[in-house]
Amino acid sequence: MRLATIGLNHHTAPVAIRERLAFAAATLSDAVRDLLQTVAAEAVILSTCNRTEIYCVADAEDVIDWWANYHQMNVDEIRPYLYTHGCSETIHHAYRVACGLDSMVLGEPQILGQMKEAVRIATEQRALGTWLNALFQRTFAVAKEIRSHTCVGDNTVSMASASVKMAETVFPDLHQTRVLLVGAGEMNELVATYFAAKKPLAMTIANRSLPRAQALCDSLIVSATACSINDLPQIIHQYDVIISCTASPLPIIDKGTMEQAMVQRAGKPIFMLDLAVPRDIESQVNEINGIYLKTVDDIDSVVATGKEARRVAAAAAEQMVASKVAEFVAWQKQRQRVPLICALRDEGERARQQVLNNAIKQLEKGLSPQEALERLSVQLTNKLLHAPTRLLNKGNDETLTAAVSQIYRLQPPQHENERRLA
């Protein structure tokens, strides 16, 4: 087993694949626990709308098989969309993800919070050991340092603000629209804030938990109404802009519902944005005349604003990431040498105790202290130098010779010809 990352993201897989391989928030703990019980010694599962990644101490192929089986898919069906990182690559990748350098929106801060939540869930399942605990502690520290010392998060168009820009392509004056947000999670909290700033005619938050929806309504700068998701079929026709982002494993807005809504609207257009993975809105809804349905994969062109400024900042951040990765790798190597160092010191201590005990016995027999010390020093020197001397006598290994010379700070004696040339 070794430290590894197996994953897919918006660069490697379309949303149709990402949603099939995602882990719902409600089942994430169970998935981590199952992964530990079957193939992994340590594991953290990060699952967002744009990526699903498994950070683990395990055999990567075993994890891929587990992932496919967990979602009842064929391994060959998912393999083309996956990337696998080994030990040092995993460190580099985790740092980049936490800093927002691998996000659709360069430098976006949400991913760091999502990583912390994934680690929290894994910690509850006792899924973090020496390697992943160290990796994520350092990852979070590096992300904080890079965001503090570079401008990677500046000039960023977030997915939330991009949602407003996309809606304005259909309704240039959002002040004259009615906005419906389905879901009251972290993403829609941000989206709601941006749409509230446009002061639409009406805003409604639909959620399974009414208290949570009401809490979000109360936090906005405009008046907003809370309702149950179960009310959607009866009210959805009233809205011009609909943004959905829930953790539902199945679509909650289907084609039939929207066909009926368009009849009630007499053909008046609707802009719909599905930010959920798996998707909340059936893809067939896009076939209905007058409905403009977009998904997270359509946001990329919108978030290109300020791209050059962020590219320059990202270059500085990438240099810091590389430096921090080198530090972590050096720490790893040092940890791997610790058992050898301990064993070497233990062997030295055993030799010291043995010759000391011999010296004490000799003193008790009447040997003079000076002679006892002389014998002790000779015995200790012989014991400590016996192993390297025997190895050097066995053959002409230049690597071994160089290592011994470096350890004992020796200069190999010059041959006769070398002395004459000197």
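Predicted model: local features only at pLDDT ≥ 70, side-chain atom pairs only at ≥ 80, totals over all residues.

Trainee: Which strand does strand 7 pair with?
Mentor: Strand 6, residues 202–207, in the parallel sense over four bridges. Strands here are DSSP E runs of at least two residues, and helices are H or I runs of at least four, numbered from the N terminus; a pair needs at least two DSSP bridges. Ala-206, for one, has Cys-227 as its bridge partner in strand 7.

Trainee: And how many bridges join strand 5 to strand 6?
Mentor: Five, and those two run parallel. Val-179 is bridged to Met-203 of strand 6.

Trainee: Why is strand 6 largely enclosed?
Mentor: Because six of its six residues are buried, meaning under 20% relative accessible area with a 1.4 Å probe, protein chains only. Ala-202, Thr-204 and Ala-206 cover one side, with Met-203, Ile-205 and Asn-207 on the other.

Trainee: New topic: how many cavities of 30 Å³ or more turn up?
Mentor: One. A cavity is a set of points on a 1 Å grid over the protein atoms alone where a 1.4 Å probe fits but cannot get out, and lining residues have an atom within 4 Å of a point.

Trainee: What gives the most to the lining of the largest cavity?
Mentor: Helix 6, residues 110–124, with three residues.

Notes. Residues numbered from 1 in each chain as written. Heavy atoms only, no water. 1 Å grid on protein atoms, 1.4 Å probe; cavity = no way out; pocket = protein on both sides within 12 Å on 5 of 7 lines; lining within 4 Å. Points joined across faces, edges and corners; volume = space filled by probe spheres on them. Buried < 20%, exposed > 50% of the residue type's maximum accessible area, 1.4 Å probe, protein only.
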